[in-house]
Amino acid sequence: MRSGAELFGARRWRRIRLWGLPAVCLLITVIVVAWFTPLLSVRAVQIQGLSAVPEERVRELLEIPDGQSMLRIDTAAMAARVASIPKVSTVRVQRSFPSTVRVTITERTPVLFYTSERGAHLLDAQSVEYAIEPPPIGVPELKAGHPGSADPGTRAAVAVVTALPPALRVQVGEVAVRSISDISLRLRDGRTVLWGGADDAERKVAVVGPLLTRPGTVFDVSSPDLVTVK
């Protein structure tokens, strides 16, 4: 004769078999339906952040087959393909259930350009050279011995320009690099700011604004503790 504990255990096991097995079968059915049928297929793709990059090119690189299940798309691979576009800085691909893929793109924007026989080379805030095309109005021209993404002088010039406050940056027409510690800014009104290196940017920014209110043509902030005007 079985004890009360044994009887309780047997009844509990029967209840588990009675309710557990159908629940597992239902879960498997739901997964199979969602994975292999059009129930959760991609029906819309929303792309945000485009300006210079054609939307058609982005859609081509996403490579989403018709009827593809939302659960089967590889968002990381999709983002990597779109990021291969030179003008794209960052990409984020997200699922938005039940049927939408959202793509958020940040495009590269030029902070400097330099000219060669091939045309104008655009450089972004990370010193990435990403296009050869006419620069947007207001982007300063870089003058350096060997301009390019791998050039230390170019990277120093980019660091200087990106550190400038917007009100001063729009006044800069040309950035001349003699060395990484000898960078000057030629303003559009003809005045020149001797900036020095990319170091001490915060202190230089603090003194250059008031200094430019004084009469003169050459403003030296390369040593922010001892600024001069000529």
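1. Val193 has Phe219 of strand β11 as its bridge partner. Strand β10 (residues 192-196) holds four buried residues out of five, and is thus mostly covered; buried means under 20% relative accessible area, exposed over 50% and partly exposed in between, with a 1.4 Å probe and protein chains only. Helices (H or I, at least four residues) and strands (E, at least two) are DSSP runs, numbered from the N terminus.

2. The model is predicted, so local features need pLDDT of at least 70 and side-chain atom pairs count only at pLDDT 80 or more, while totals for chains, interfaces and linings use all residues. Residues are numbered from 1 along each chain as its sequence is written, and side-chain values use heavy atoms, with hydrogens and water left out.

3. The chain has six helices and twelve strands. Of its 230 residues, 35% are buried. Among contacts (heavy atoms within 4.5 Å) between residues at least 6 apart in sequence, 43% join residues at least 24 apart.

4. β9 (residues 182-187) pairs with β10 in the antiparallel sense, over four bridges; two strands pair if DSSP finds at least two bridges between them. Arg186 stands opposite Thr192 of β10. Four residues lie between the strands of this hairpin, in which Gly190 adopts a positive phi near 100°.

5. β10 and β11 (residues 218-220) run parallel and are joined by three bridges.

6. A separate topic is the open sheet of three strands, with the order β1-β3-β2 and mixed pairing. Its edge strands, β1 (44-48) and β2 (88-96), each pair on one side only. From one strand to the next, the twist averages 15°.

7. Within this sheet, β1 and β3 (residues 100-107) run parallel and are joined by five bridges.

8. How do the axes of α2 (residues 55-62) and α3 (residues 75-83) cross, and within what distance do they come? They come within 8 Å and cross at roughly 140°; axes are lines fitted to C-alpha atoms, for helices over the stretch in contact, and angles run from 0 to 180 degrees between N-to-C directions. The two helices are therefore oblique to each other, since angles under 35 degrees count as roughly parallel, over 145 as roughly antiparallel, 65 to 115 as roughly perpendicular and the rest as oblique. Val58, Leu61 and Leu62 of α2 make the contact with Met78, Arg81 and Val82 of α3.

9. Gln68 is found in the loop between α2 and α3. Is Gln68 buried or exposed? Gln68 counts as buried because its relative accessibility is 16%. Apart from neighbours within four places in sequence, Gln68 is in contact with Leu40, Ser41, Val42 and Ile73.
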